[in-house]
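Here is a short report on one protein structure. Keep the model open as you read, and find each part as it comes up.

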Amino acid sequence: MSDTKVRVEKWPADPRVARLVLDRPEVRNAWNGEIVTQLQRALRDLASDASVRVVELCGVGKHFCAGADLEWMKRVANFTMEENRRDSAELQQLFRALDELDKPVVARVQGGALGGGVGLVAACDVAVASEGAVFGTTEVRLGIIPAVIAPYVIRKIGESNARHWFLTGERFGAEEARRVGLVHHVVPDKDLVKTTKAVIDAILLGGPAAVVEAKHLVRAVGTLPPREASAWAVQRMAERRGSPEGLEGLKSFLEKRAPAWTEKTKGS
């Protein structure tokens, strides 16, 4: 994907990790219709790549993602209702693909994460932000609303916080983003890459299938009624305990050794 503004590259030291890179620093990694298409294609490629266990999402330059490109917004202003509906549906498919990717996704956030950039962070599984990062759902100040990103952002920060920031359009800092659950780690700028790597290394210590199942578990239990969630969880636990990976994990624990999947050559 070297001819595009979206790149997928494997970590040189560990090909089990793929980096999904937004590379439009001249516009703070804002997107347009073409970028949305490229991101969708990249996520499909990652979904089908069995060698990739973890995805790191990041942006080149001083900012993570400023949301929609202003030049693109000018064109959108002339769209018909049907064109607007179709364009919004494409964007929603992007967020859904990121959210439902059968691999953990870790966001590395620096600078501005605004509008749709907040949506990208919210759709990731873990987010690491620099102390200077700034967030904001600023759409109301343009006379629009953060509708497409709403399911992911509200799930992360809750209805009360969403009402506050969706309505005011105010920007807020990294510590506030951590307080409300949008990000999980806030570190000095110099430690951003190192801390993101530490999170990814921690994920790689888990069984590959177990990590994916854990992601499914969170989504399922969060949406099912308690009785159904409990029954589903019991069944999944029984299946995982009897799986080859579960048996290997227990055996390696009892033998006080690292499980086979922690070797970089596994699945790479």
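## The nonpolar cores

In this predicted model, the largest nonpolar core holds 53 residues. Phe135 and Leu182 have the most contacts inside that core. Helix α5, residues 150-168, gives the most to it, with seven residues.

In soluble globular proteins, nonpolar side chains tend to be buried together. Where does the surface show a nonpolar patch? Look at Leu250, Phe253 and Leu254, which together have about 370 Å² of accessible area. Leu254 belongs to helix α10, residues 244-254. Its relative accessibility is 60%, so Leu254 counts as exposed.

## The sheet

Six strands form an open sheet with mixed pairing. Their order is β1-β2-β3-β4-β6-β9. Which strands stand at the edges? They are β1 (6-11) and β9 (185-187). Each has a single partner strand, so one side of each is left without a neighbour in the sheet. On average, neighbouring strands of this sheet are turned by 20° against each other, direction ignored.

A hairpin of two residues joins β1 to β2. These strands pair in the antiparallel sense over six bridges, with β2 covering residues 14-22. Lys10 stands opposite Ala18 in β2. Val128 stands opposite His185 in β9.

## Salt bridges

Side chains of opposite charge can pair when their charged atoms come close. How many salt bridges does a search of the whole structure find? The count is 24. In one of them, Glu56 meets Arg19 at 2.9 Å, N to O. Glu56 lies in strand β3 (residues 54-59) and Arg19 in β2, so the pair ties together parts that are 37 residues apart in sequence. Both Glu56 and Arg19 are buried. They also belong to a network of salt bridges that includes Arg7, Glu9, Asp23 and Arg108.

Arg219 forms a salt bridge with Asp99, with the closest N and O atoms 3.7 Å apart. Arg219 sits in helix α8 (residues 208-223) and Asp99 in helix α3 (residues 81-100), 120 residues apart. Arg219 is partly exposed, at 27% relative accessible area, whereas Asp99 is buried, at 7%.

Lys190 and Asp191 form another salt bridge, with their closest N and O atoms 3.4 Å apart. Lys190 is exposed, at 71%, but Asp191 is buried, at 16%.

Key:
Residues are numbered from 1 along each chain as its sequence is written. This is a predicted model: local features need pLDDT of at least 70, side-chain atom pairs count only at pLDDT 80 or more; totals for chains, interfaces and linings use all residues. Side-chain values use heavy atoms; hydrogens and water are left out. Patches are made of residues with over 30% relative accessible area and no salt bridge: like charges are joined within 9 Å, nonpolar side chains (Val, Leu, Ile, Met, Phe, Trp, Tyr) within 5 Å. Accessible areas come from the Shrake-Rupley method with a 1.4 Å probe; for residues, only the protein chains shown count as cover. A salt bridge is a side-chain nitrogen of Lys or Arg within 4 Å of a carboxyl oxygen of Asp or Glu. Helices (H or I, at least four residues) and strands (E, at least two) are DSSP runs, numbered from the N terminus. Buried means under 20% relative accessible area, exposed over 50%, partly exposed in between (1.4 Å probe, protein chains only). A nonpolar core is a set of buried Ala, Val, Leu, Ile, Met, Phe, Trp, Tyr and Cys residues joined through side-chain atoms within 4.5 Å. Two strands pair if DSSP finds at least two bridges between them. Axes are lines fitted to C-alpha atoms, for helices over the stretch in contact, and angles run from 0 to 180 degrees between N-to-C directions.
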